[in-house]
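Colleague: Hi, I'm new to this and would like a walk through the structure. Can you put it up so that we can start with a strand?

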Amino acid sequence: MTGAELPIGERKARAVEEMFDRIAPRYELVNRVMTLGLDAGWRRRAVRELQLDPGARVVDLGCGTGDLCRVLGRAGLRAVGVDMAAGMLAKAHTAAPLVRADALQLPLRDASVDGAISGFALRNVVDIAACFGEAVRVIRPGGRAVFLEVSEPPNPVVRLAHSFYFRRIVPMVGGLLSDRSAYRYLPASTAYLPTPEELLGLLTGAGFARCRRVQLGMGAAQLLIGTRR
Ligand SMILES: C[S@@+](CC[C@H](N)C(=O)[O-])C[C@H]1O[C@@H](n2cnc3c(N)ncnc32)[C@H](O)[C@@H]1O
């Protein structure tokens, strides 16, 4: 899969799974290099925004190699990671239990967790509204959800610099360290993301209240936050 073609539906699901299986061995290394280490702070902020007490149970949707699960664990939260790419799970290093499953059909009972979180997985799912809906189903009323995703900086100058970096440098660095076509796809896949207003609308429509968006890294990343009604 390359940036030139953006599949949808079942074809997208299979292509995403196959791509993450392929890049799993060096996924975390490339992440650190390509975000200049900023992603670590963004993940900590995402976990803080859950505002859940130690011991709370949180499902990490599209957990990949378990980066967020580790941050959740350090915050005293009980994480369970879910990802559909077996290759990513095989490379995970976290004490959290991990399950190979689709975030759109979670193997969890209704209202069985206190919160849900995801890091950079939203634009990879086939149906973002369905993903929010499934999070609502498994979170207890009053529980919290935080979705961390990439975003487009609002300032035109920053946006230009960011676009050059994201679309030119990232594929080059990704190509040197890992797989060029995958790291051409990852920036291109931002096209799957609805606008911030639409995302907040989807979150509210799914059953979250007090929905808000926080920009990180001058708008290069965003948090979408909601409380389960
Ligand atoms: C960009 S990676 C992010 C991994 C990790 N959350 C992180 O922050 O580093 C996106 C992950 O979402 C997973 N994913 C995409 N769609 C999924 C779905 N429908 N169900 C479960 N996992 C999914 C991919 O397999 C991949 O591991």
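Predicted model: local features only at pLDDT ≥ 70, side-chain atom pairs only at ≥ 80, totals over all residues.

Colleague: In which sense do β2 and β3 pair?

Modeller: β2 and β3 pair in the parallel sense, over three bridges. Strands and helices here are DSSP runs numbered from the N terminus, with at least two residues (E) for a strand and at least four (H or I) for a helix. Two strands count as paired if DSSP finds at least two bridges between them.

Colleague: What is the strand order in the whole sheet?

Modeller: The order is β3-β2-β1-β4-β5-β7-β6, an open sheet of seven strands with mixed pairing.

Colleague: Which way do β5 and β7 go, parallel or antiparallel?

Modeller: β5 and β7 pair in the antiparallel sense over seven bridges, and Val146 stands opposite Ile225 in β7. β6 also runs antiparallel to β7, joined by seven bridges. One of the pairs there is Arg213 with Leu224, which sits in β7.

Colleague: How many residues of β7 are buried?

Modeller: Seven of its eight residues are buried, so β7 is largely enclosed by the rest of the structure. Burial is a count of other C-beta atoms (placed from the backbone) within 10 Å of a residue's own: 20 or more means buried, 12 or fewer exposed, and anything in between partly exposed.

Colleague: What goes on in the hairpin of β6 and β7?

Modeller: Four residues lie between the strands, and Gly217 takes a positive phi near 55° in this hairpin. Met218 lies in the loop between β6 and β7, and its phi is also positive, near 55°, although Met218 is a residue other than glycine. Met218 is partly exposed, because 14 other C-beta atoms lie within 10 Å.

Colleague: Is Gln51 buried or exposed?

Modeller: Gln51 counts as exposed, because it has 12 C-beta neighbours inside 10 Å.

Colleague: New topic, helices. What can you tell me about Leu38?

Modeller: Leu38 belongs to helix α3 (residues 38–50). Leu38 has 15 C-beta neighbours inside 10 Å, so it counts as partly exposed. Leu216 is 178 residues away along the chain, and its C-alpha atom is 9.4 Å from that of Leu38.

Colleague: Which residues are buried in α6?

Modeller: In α6 (residues 128–138), the buried ones are Ile128, Cys131, Phe132, Glu134, Ala135, Val136 and Val138. The elements covering them include β1 (57–61), β4 (113–119), β5 (139–150), α9 (196–206), β6 (208–216) and β7 (221–228).

Colleague: What surrounds the ligand?

Modeller: The ligand has 21 residues around it, and the closest are Gly62, Gly64, Ala85, Ala103 and Gly119. α1 gives the most, with three residues.

Colleague: Last one: what does the protein look like overall?

Modeller: The protein has nine helices and seven strands. Its C-alpha trace spans about 45 × 40 × 35 Å along the principal axes, and 43% of the 229 residues count as buried. Two residues are in contact if their C-beta atoms, placed from the backbone, lie within 7 Å. Among contacts between residues at least 6 apart in sequence, 65% join residues at least 24 apart.

Notes
Residues numbered from 1 in each chain as written. Near = placed C-beta within 6 Å.
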